[in-house]
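Student: Hey, could you walk me through this model? I'd like to go a piece at a time.
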Amino acid sequence: MTAQAAALSFEDKLANYADLLVRVGVDLQPGGKLRVDAPIEAASLVRLIAAKAYDAGALDVAVNYRDQHLGRVLYERAPDAALDYAPEWVIAEAAHQMDEGYAFLSIAGSDPDLLAGIDQGKIARRSKTMAIRSKPLAERQMAFEINWTVGAMPIPSWATKVFPDVPQEQAIAQLWDAIFAVSRADQSDPVAAWRTHLERLSSVTKYLNKRRYSALHFRNPGSDITFGLAEGHLWAGGAWPAQNGILGVPNLPTDEVFTAPHRDRVDGYVSASKPLSVRGTLIEGIRMRFEAGRVVEATSTRGQDVLEALLNTDEGARHLGELALVEYDSPVARAGMLFYNTLFDENAASHIALGQAYAFNVEGGTQPGRMAQAGANESLIHVDWMIGTPDTDVDGIRADGQRESVMRAGKWAYEAPSEG
């Protein structure tokens, strides 16, 4: 912990974090409206977020609480038909709020092992049902129709998973400290720190967009793979302008720059550098081989049934929708821990995502038919998993076959601006 962080009380850092979610994450404007989705354990944080939102001039703060344990109750006790039922009004309400211009703020916080032992067939069936019903809404959000962001709140089961060797109360405190550190909430002026950080990420995305690579060759001891890039692909990272003109930051923290691979131009093999927490279970030791963009072989040392269920969601689940580059010494990586939560762990290492591509990663991506024309992938899922290591090298390949160094030993190979 830095001297600066030690000088701030827990209440100060929590207030900073809530302020960051409102002022940097969704950049709520005077007269704006905010929807918050959060676990019931996050009530105290949500109240603080609401206060910060009203301080910023919000007209309304609408909160939806969820109890993660009800998911396990459903799988254990509900009739079979319940797996296929999703109330239309739930999606309709969110769609109406999007129509009304609400910013969306989601608070992550769940038990990574919540669904351990549950029939993966049931989980896959339920997940597909919800994905189909919410697809129109998800497409609007992934196209950045409105400004949105994701933050986090430690809950006891998550904290004790991350810190299993200390009492629960201490584990929660330590997880909070880690979240404050990687989100810069422990600094005296976190908003200013984020502005500097976002400027650096912006400079990296501008550099990569100017290079117009046709493909990237990614290699480390566990991976040797070439990612063809979608036609008219765009790199994004840090802050991103929503269609309403507001510059928001989708994830706090964020240290990635990312783009859309071409769904049919990925070849080689790749190995996970960290476990993946998904659908209430852990998948470890993932290794995949791609041919012509499609997963033709996929194994794991743990959670193979979950991995296969993900890949069998639909045809697009075996193709990639995102390629993200992260320096090996990002703040999350320097924390030296596994968060068991993709919001954090994806910012510790370069990563890829199975499934849906983002419309804003393709020039004109919100226009009908443009994503398919560009070779961007479509799917009901979007699942990130980490492949970067401190010895990762990445080359950019231009259309004429010329190669340029993009990353060497997990760091940018060109002179990227410093954050000081």
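Student: Let's start with Phe180. Which helix is that in?
Tutor: Phe180 belongs to helix H8, residues 168-182. Helices here are DSSP runs of H or I with at least four residues, strands are E runs of at least two, and both are numbered from the N terminus.
Student: And where do the model and the numbering come from?
Tutor: This is a predicted model, where local features need pLDDT of at least 70 and side-chain atom pairs count only at pLDDT 80 or more, while totals for chains, interfaces and linings use all residues. Residues are numbered from 1 along each chain as its sequence is written, and side-chain values use heavy atoms, with hydrogens and water left out.
Student: OK, back to Phe180. Buried or exposed?
Tutor: Buried, because its relative accessible area is 1%. The cut-offs are under 20% for buried and over 50% for exposed, with partly exposed in between (1.4 Å probe, protein chains only).
Student: What does Phe180 touch?
Tutor: Not counting residues up to four places away in sequence, Phe180 touches Phe10, Lys13, Leu14, Tyr17, Ala185 and Asp186. Contact means heavy atoms within 4.5 Å. Lys13 is 167 residues from Phe180 along the chain, and their C-alpha atoms are separated by 6.7 Å.
Student: Switching to helix packing. How do H2 and H9 cross?
Tutor: The axes of H2 (residues 10-25) and H9 (residues 190-211) come within 10 Å and cross at roughly 50°. That makes H2 oblique to H9. Angles under 35 degrees count as roughly parallel, over 145 as roughly antiparallel, 65 to 115 as roughly perpendicular and the rest as oblique. The axes are lines fitted to C-alpha atoms, for helices over the stretch in contact, with angles from 0 to 180 degrees between N-to-C directions.
Student: Which residues of H2 and H9 meet?
Tutor: Asn16, Asp19, Leu20, Arg23 and Val24 from H2 meet Pro190, Val191, Trp194, Arg195 and Leu198 from H9. By class, that contact of H2 with H9 has six nonpolar, one polar and three charged residues. For the classes, Ala, Val, Leu, Ile, Met, Phe, Trp, Tyr, Cys and Pro are nonpolar, Asp, Glu, Lys and Arg are charged, and the others, Gly among them, are polar.
Student: What about H5 and H6, at what angle do they pack?
Tutor: About 20°, with the axes of H5 (residues 88-99) and H6 (residues 120-142) 9 Å apart. H5 and H6 are therefore roughly parallel to each other.
Student: And what classes of residue make up the contact of H5 with H6?
Tutor: Five nonpolar, two polar and four charged.
Student: New topic: which residues touch the most other members of the largest nonpolar core?
Tutor: Leu34, Ile49 and Ile107, out of 70 residues in that core. Another core lies apart from it, with 40 residues, among them Trp235, Ile283, Leu320 and Leu354. A nonpolar core is a set of buried Ala, Val, Leu, Ile, Met, Phe, Trp, Tyr and Cys residues joined through side-chain atoms within 4.5 Å.
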